[in-house]
Amino acid sequence: MNIKEILEKYESDFSKLTTILCKDPVERKIEDYEKQYEGEHDILNRPVKTIGKGATLKTIPQAKLVIRHQKKIVNMAVSFLFGEPAKLILNNKDDKYQETFDLIDNIWNKNKLDYFNKKLARRLFVETKVAELWYVIIDSDNIKHIKVVLLCDQNGDEIYSHFDNNGDLDAFTRRYKLEDIDEKTYEHIDVYTAENSFFGIKKEAWQVEKKENLYGKIPVIYYQQAETEWEDVQSEIDRIEMLVSKSADTNDYFGSPTLKIKGKITNPPEKGEVGKVLRFTGETGPEGKTEYGDAEYLTWTHAPEAVKLEYETLKDIIYSITSTPDLSFNNVQGLTKTSGEALKFLFMDSILKAKDKEEIFGEGLTRRINLLKAILSITDVKSKQSLEELDISIQFGDILPKSVTELVKSLSTARGGDVIMSQDEAVRQNPLVSDAEEDIKRMEKEKGETSKLGESYEA
């Protein structure tokens, strides 16, 4: 059923309505995902080891080393996607649309959406579903402010989407808890549709407030993905933590030198003594011969090459499967100066992963722009016509450094060595120039003085 059919049948029974809407067709273990991300790993449940029996029984704690590959994988994915902020591009050529475009751009900047996008992506990659809720507040000066809030499990929100038979979002439900003025905490459920919004609070019974949605669009952008960023390598992460922890136990056992003594020692060395000498008393052996004692250190003769090989193999699998670059010091210390194009090939796997994520966020950010246009059509009525005609696209950034020298050289070569930039534009693009316009005027003045100087010599 679509949301209209559901509301026709259950709008009067809010409890039944929300029971139907608060369902997720995808099984998600969000609590487990968050534990894995925050470092609450299975290795921490490693039991204490016991040795001996009876009076000699003792316990030995085992190493429990947590390696948070999940956070590394997520942070890298976020950086390649939004490390360089996505830009709004105005496609309308007429100057009259610039003012309307600035309305969208100002909302973008006031809500710090470049940073918000990174938070949004990070929680999506961990929880597998998040949403952004847009709303309008009016201050004491009657000025309307368009704001956004991130809805996710970390912020105390349970979120549910409902799609019609065409796959379009026709309802969104948010379940959360808030403390009321009586200092008691109550359950809240908000249901948003394109026509109306329902705000319910459960005290003794559900109290529901219905409001008309003036925007004609659900004021929510919903994002989801099938699994966490590390789902495919979770078993490898568990294994590598166990491997490292067992290796630590082995080092604890064999790392400290052990002295094996044969015979009876007569002068045990004192702590801090320099130039220690061990003396042994002679003892009569089984054949009547006098045997003297001996001492030697026990050493671990078998280096853990197999452990090292398995660790390196597991680490390569984790980084490879998740398309995460390994930028540890050991990997980059021998890297010489590399061109911009070479860097792209070096990080191609991560770049392609970010391009795949644009499938989710390109659609989401486009919906965000359309929602902002719908909200502004109500809050800024005079701009309604130009908002409807406004054509804005999204350009995702590239986190890799760009070589301006390489670009200019390529363009110059393509032009057969001709000049490819005016002097004025070169000055404006120069990062060492603080005031481009003033510098251009000075250059013109200096050029004129040089011309006059040349004329005086000719005379």
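Buried, in this tour, means under 20% relative accessible area, with exposed meaning over 50% and partly exposed in between (1.4 Å probe, protein chains only). Helices (H or I, at least four residues) and strands (E, at least two) are DSSP runs, numbered from the N terminus. The model is predicted, so local features need pLDDT of at least 70 and side-chain atom pairs count only at pLDDT 80 or more, while totals for chains, interfaces and linings use all residues. Residues are numbered from 1 along each chain as its sequence is written, and side-chain values use heavy atoms, with hydrogens and water left out.

**Helix H6**

Select residues 113–127 to see helix H6, whose 15 residues reach 20 Å from first C-alpha to last, close to the 21 Å expected at 1.5 Å a residue (the expected span is 1.5 Å times one less than the number of residues). Its buried residues are Leu-113, Phe-116, Asn-117, Leu-120, Ala-121, Arg-123, Leu-124, Phe-125, Val-126 and Glu-127. Just after H6, Thr-128 takes a positive phi of about 75°.

Now pick Glu-127, which belongs to H6 and is buried, with a relative accessible area of 1%. Leaving aside neighbours within four places in sequence, Glu-127 is in contact (heavy atoms within 4.5 Å) with Ile-30, Tyr-33, Glu-34, Cys-152, Asp-153 and Gln-154. Of these, Cys-152 counts as buried at 0% relative accessibility.

**The nonpolar cores**

A nonpolar core is a set of buried Ala, Val, Leu, Ile, Met, Phe, Trp, Tyr and Cys residues joined through side-chain atoms within 4.5 Å. Select Phe-125, Trp-134, Trp-230 and Phe-361, which touch the most other members among the 50 residues of the largest such core. Apart from that core lies another, of eleven residues, including Ile-3, Leu-17, Ala-171 and Val-191.

From Trp-230, not counting residues up to four places away in sequence, the contacts to highlight include Tyr-33, Tyr-37, Phe-125, Val-126 and Thr-322.

Next, display the open sheet of three strands, which has the order S5-S4-S11 with antiparallel pairing (two strands pair if DSSP finds at least two bridges between them). Its edge strands, S5 (144–151) and S11 (220–224), each pair on one side only. Strand S4 (residues 129–138) is joined to S11 by five bridges, and Glu-132 stands opposite Ile-221 in S11.

Finally, select residues 348–379, helix H11, which lies across S4, S5 and S11 and runs at about 175° to S11; axes here are lines fitted to C-alpha atoms, for helices over the stretch in contact, and angles run from 0 to 180 degrees between N-to-C directions.
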